[in-house]
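Q: I would like to learn how to read a few features of a model. Can we go through them one at a time?

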Amino acid sequence: EMKAIERVCAYLKEHNVPLTRFEKEHDMSNGYLGTMLKRKADLGETIILKIIDACPDMDLTWLLTGEEPDRDILQARQAAKNDQERQKAYEESIVETYEKALARKDEELKGLLREIALLKAQIKSSSQESE
């Protein structure tokens, strides 16, 4: 039976992530995963939590037991992920729309300030002429 460390290493290999890079990016000792793999050692809670945080698409049941998740669960997770991605894209489009509107209003304001400065200069000029 495959150990959790073997599943983690297989997952990382499948996602083209070298063990050393994963260790470095997730505050693990250099060579830790490789050593654990050679020993077929059990993973501790801290390491499992780091792996789960780093690999949100990894199924926890599969990681711990090797059992493949139910198709319905996988589909529900994928649907939730798609919903999150759509929500993020929607929010980004709203931000972009507001940024464009803000830039237009900023330009309008600059134009009005120039116009005010010109009017003030005209008023000052005409009041000096009438003196």
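Q: Which residues make the nonpolar surface patch?
A: First, the basis: this is a predicted model, in which local features need pLDDT of at least 70, side-chain atom pairs count only at pLDDT 80 or more, and totals for chains, interfaces and linings use all residues. Residues are numbered from 1 along each chain as its sequence is written, and side-chain values use heavy atoms, with hydrogens and water left out. Areas come from the Shrake-Rupley method with a 1.4 Å probe, and for residues only the protein chains shown count as cover. Here Leu49, Ile52, Leu60 and Leu64 make a nonpolar patch of about 330 Å².

Q: Which helices supply the patch?
A: Helices are DSSP runs (H or I, at least four residues), numbered from the N terminus. At least two patch residues come from each of α4 (45-54) and α5 (60-65). Ile52 belongs to α4.

Q: Is Ile52 buried, partly exposed or exposed?
A: Buried means under 20% relative accessible area, exposed over 50%, and partly exposed in between. At 31%, Ile52 is partly exposed.

Q: How many residues has the largest nonpolar core?
A: A nonpolar core is a set of buried Ala, Val, Leu, Ile, Met, Phe, Trp, Tyr and Cys residues joined through side-chain atoms within 4.5 Å. The largest one has 20 residues, and Leu63 is among those with the most contacts inside it. α1 (4-14), α3 (32-39), α4 and α5 each supply at least two of its residues, with α1 giving the most, six.

Q: Which residues is Leu63 in contact with?
A: Contact means heavy atoms within 4.5 Å. Leaving aside neighbours within four places in sequence, Leu63 contacts Ala4, Arg7, Val8, Ile48, Ile51, Ile52 and Met58.

Q: What is phi of Lys40?
A: Phi of Lys40 is near 50°, a positive value in a residue other than glycine. Lys40 sits in the loop between α3 and α4 and is partly exposed, at 48%.

Q: Which side chain makes a polar contact with that of Lys40?
A: A polar contact is a pair of N or O atoms within 3.5 Å; within protein, one must be able to donate a hydrogen and the other to accept it, and residues adjacent in sequence count only if both atoms are side-chain atoms. The partner is the side chain of Glu6, at 3.4 Å. Glu6 lies in α1 and is buried, at 16%.

Technical notes
Patch = residues over 30% accessible without salt bridge, like charges linked within 9 Å, V, L, I, M, F, W, Y side chains within 5 Å. Salt bridge = Lys/Arg side-chain N within 4 Å of Asp/Glu carboxyl O. Buried < 20%, exposed > 50% of the residue type's maximum accessible area, 1.4 Å probe, protein only.
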